[in-house]
Structure formats: structure tokens, C-alpha cells
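Please walk me through the salt bridges of this model.

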Amino acid sequence: MAAKNDHFIFYIAFATMICCYFLPNRSWVEAQRGGFSVELIHRDSPKSPFFNQLETTSERTINALWRSVARLNRFTAPTYISKTGAQSDIISNQGEYLMNISIGTPTFEILAIADTGSDLIWTQCHPCVHCYKQEVPLFDPKSSYTYRKLPCSSRQCQTFPGHSCSIDANDTCLYSIFYGDLAIDTITLGSSTGGPTISLPKTIVGCGHNNEGSFSEKGSGIIGLGGGAVSLISQTRSSLGTLEGNIIIDSGTTLTLFPQDFYSKLEASVASKIDAKRIDAPIASLRLCYEANRTDELKVPNITMHFRNADVKLSPLNTFLLVSEGISCFTFSSFQGLAIYGNLAQMNFLVVYDIENQAVSFKPTQCS
């Protein structure tokens, strides 16, 4: 993975005012007219706190693939109910891209996993009954004068999947990661274009007091960018999206994955076009590998992703990856479950999420 391709830009476009939640500030009005963009930092970029300068490029690549395999459990593991609420399936994620946001007033900065495959925005909070270790300070809800616990009787709580209610007199809406409070507070986003910061008052967030999972000590939670009602995307628009489509566009999964039958036909077609020595894959999640010291040594066929009303033409950078010295592998594989459009296929694209028109666009961009 070349260092110059260590990030892509996440862009949100707005068309109408969300008037039912708050009186908009000037920066919010400007953002709705033209949208705003936020830089996503690859976890292996030198700009990331996860960066390990002692790792080789091959080691970083293999580790990213293993994290991607572990992440697939969240798309297949069932959600179950416990006495304290719903057991979230966000449990085994060291996603590939990180995002800076701030919570509360005054603002408290967190660096969290930007995840288009999940919904809730959550972070670990004081007091913490049982939290995974993190190096940065925990968010203290008492320090924010805009923080409000979400009542169990509220519409937002009642429509939250698998919600539960606290058994004390506080009548607090609970979610579970193992568990935490649902609350509303102000979210603040910077802009990668140099514009003013964007404040989003009365945004639903998860404040975790009893959390568990294989998260890095340097992270602070997850920023859900999916299509669910409580994601950052959904909370910046006036109405829900539709449940159409047959593939998840996921910033937290490395490979692009298809059902076995479809993938087998794709692999056979790609392999028939490549004149190189095929070798065994270094890890099981990879299926098609060749002997090559550089990806550009292979004459890779052109691959186009066909979406409704759009064709995304991929470059060899998106479809083959030098996973170790002398081994280049196809970045598509099979998965017994949902189809997933991974982040290698999104490299060097400006990914635009038009939340008013319910559309995602891809513009070829040099991200170096």
C-alpha cells in the first residue's frame, strides 16, 4: 500500500434545512448549501496514532487483511438481548479509517473509527464501570452543558433497535455494547477544505460505561456512517432512506467481497486475462495471487463496478495489492453473506454521500 494513498475524502452534500431540531448557525447554513468534507486518516498512515514505524509495508498489509477478516463477524453475528439492553454486534472492529470529531460544549475531541458499516456514534464515558483500555482521556458528560440523557419515553429511544430502560428513577434510555446511555449532545466537525467548523446540536450519541471489544488503546469509539436512523448521516437529513440495494459500501473492510457463485465467475474471468505465474495465497481470505515484485508488472484487466445509474471504473491500484515481497493478490474475494464494497476499491476516489437524494457518487481523484 503506497504511502501516498493513505487517505480518501469523505464528503457530505446537503440540500434542505433540518428545521425541526435546532436553529441553524451560519456555518451550518453554508454547509447545507455546498456540503462539507472531512479527512479520513488511514490507520497505517504516519498521521495516524496507530502507525507503527517498525512494521514493514508487507506486515501492515497482512495485518489490515486479518483485521478485515475479523470484522466480517459483525455482519454475521446475531444481536441478542441481555438484562441491560441489546447486545450490539460492534465488537471486533479495528477499522481502516479514523475520523476526528468533537462532542459536547465546550468541545471534547475524539479520534474514532469512521464506519460506513454501522450506525451509532459512541465513545467511552466517565464513570466507566468496565472499559477497554484507551490512552486518551474519557469523555465526561458532566463537563458538557449541552449533554442531555435521552428519556426512555422519547420517540428517539422508542425507535432505537433493541433499546431498554434503566431500572432506577432516571428513566434513561439504554443501548448495549455491553451497555451505555443514549444521549443528545452537540457534535462538531472540522472541514478538510479549510472552511468553518460545523456544529450539529441535539445529535444522538452513545455514552458507554461498560464496554468490551478488541479495540486499539489509541481509539475512542466509533462514528457510525451507515444508513440507520441514528448514524451521523441520517441525523443530518430530514427523512430516512430506503432499504434498497444488494451491497454494503464499507470503509472498515479492506477487501471487496461477493457471494461464492458470483465471485467464482469473476475470478475465472480475471484469471483468464492474466499471463503470469499463479501462486498460493499467503492468507486464506485471498483467493487469486501471482508472482510479481510490483503490481504494475501484471497486465490486469479493466474492471468496472456497475451500480444503478453509475459505472465506477477501477484502476489496477484498486484491484490488485502487493501483499508481500514477490506476491500480488486480487483484492476481491468470496464471503458467505452480504456483498461488501471494501476500502481498497475506494482508494483514490472522492466518495460523495448525497443524503438528500439518497445517492452515493464516486469521482476519480488523486489523493496523494
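The count comes to two salt bridges, a salt bridge being a side-chain nitrogen of Lys or Arg within 4 Å of a carboxyl oxygen of Asp or Glu. The model is predicted, so local features need pLDDT of at least 70, side-chain atom pairs count only at pLDDT 80 or more, and totals for chains, interfaces and linings use all residues. Residues are numbered from 1 along each chain as its sequence is written, and side-chain values use heavy atoms, with hydrogens and water left out.

Take Asp181 and Lys149. Their side chains form a salt bridge at 3.5 Å, N to O. The pair joins distant parts of the chain, 32 residues apart: Asp181 lies in strand S11 (residues 179–189), Lys149 in strand S8 (residues 148–149). Helices (H or I, at least four residues) and strands (E, at least two) are DSSP runs, numbered from the N terminus. Asp181 is buried because its relative accessibility is 8%. Lys149, at 44%, is partly exposed. Buried means under 20% relative accessible area, exposed over 50%, partly exposed in between (1.4 Å probe, protein chains only).

Now Glu267 and Arg278. The closest N and O atoms of this salt bridge are 3.0 Å apart. Glu267 sits in helix H5 (residues 260–271) and Arg278 in strand S16 (residues 278–279), eleven residues apart. Glu267 is buried at 17%. Arg278 is partly exposed at 43%.

Back to Asp181. Its C-alpha is 9.5 Å from that of Cys165, 16 residues away in sequence. Cys165 belongs to strand S9 (residues 164–165). At 37% relative accessibility, Cys165 is partly exposed. Beyond its neighbours within four places in sequence, Cys165 contacts Cys152, Thr172 and Leu174, where contact means heavy atoms within 4.5 Å.
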